[in-house]
Amino acid sequence: MNPGNISDHLKSVDEGELSKIKTRISHLKKQLKIPDSVAKTIKDELQESYTKAEEAISMVGGSEDEISKMWGYNYGNVLYYYLSQRETVEGRQALSFIKMALGYDLTSHGYSEIQYSSFVMGLALRFMLGFENLKKSISEIEHELQKLDTLPTD
């Protein structure tokens, strides 16, 4: 679309519609801005997840590969929390910041390809644990529903 077409299109839009579009854009712009408090909280949580991984691995001994795997596992916990909050503006802002911060955090530790892979494996393990817990909960609900179905009706 060339600039002339945009201008022509905007001229053809009535003032009420244009006002609605401006309001929506303004609302989106406010939602997309990530407050410093959200960014600081996320950075602190991500640093804490790395520190906990280092501490856990130092107790049993291990290489950077194990630290990166444990960090991925811990990082998954932070990610799960904000995924559960994604219906709120703050939750979406946090997830956006996590997406941006992940690349920086991984590169700031100078990880090799194997360590990146270990991180992803740790993250996948956290998600598998969550999936298994979800399956267990669904199974329990199904079992209880089956009990209700077998109750005699009067």
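Is E48 buried, partly exposed or exposed? At 43% relative accessibility, E48 counts as partly exposed, where buried means under 20% relative accessible area, exposed over 50%, and partly exposed in between (1.4 Å probe, protein chains only).

The model is predicted: local features need pLDDT of at least 70, side-chain atom pairs count only at pLDDT 80 or more, and totals for chains, interfaces and linings use all residues. Residues are numbered from 1 along each chain as its sequence is written, and side-chain values use heavy atoms, with hydrogens and water left out.

**Salt bridges**

A salt bridge is taken as a side-chain nitrogen of Lys or Arg within 4 Å of a carboxyl oxygen of Asp or Glu. By this rule there are 4 salt bridges. E48 takes part in one of them, with K52 as its partner. K52 is itself partly exposed, at 46% relative accessibility. Helices here are DSSP runs (H or I, at least four residues), numbered from the N terminus, as are strands (E, at least two).

Helix 6 covers residues 113-150 and holds both E132 and K135, 3 residues apart, or about one turn of the helix. E144 and K147 also lie in helix 6, again with a spacing of 3 residues, about one turn. Relative accessibility is 38% for E132 and 43% for K135, and each counts as partly exposed. E144 at 42% and K147 at 43% are partly exposed too.

| Salt bridge | N to O distance |
|---|---|
| E48 and K52 | 3.2 Å |
| E132 and K135 | 3.9 Å |
| E144 and K147 | 3.5 Å |

**Aromatic contacts**

Rings of Phe, Tyr and Trp (its six-membered ring) pair if their centres lie within 6.5 Å; planes under 30 degrees apart count as stacked, over 60 as edge-to-face and the rest as tilted. The whole structure contains 6 aromatic pairs. Y50 is buried at 6% relative accessibility, and W71 is buried at 1%. Together with Y75 and F119, Y50 and W71 form one aromatic cluster.

A charge sits over a ring if NZ of Lys or CZ of Arg is within 6 Å of the ring centre and within 35 degrees of the ring normal. The charged end of R126 is placed in this way over the ring of Y73, 4.0 Å from its centre.
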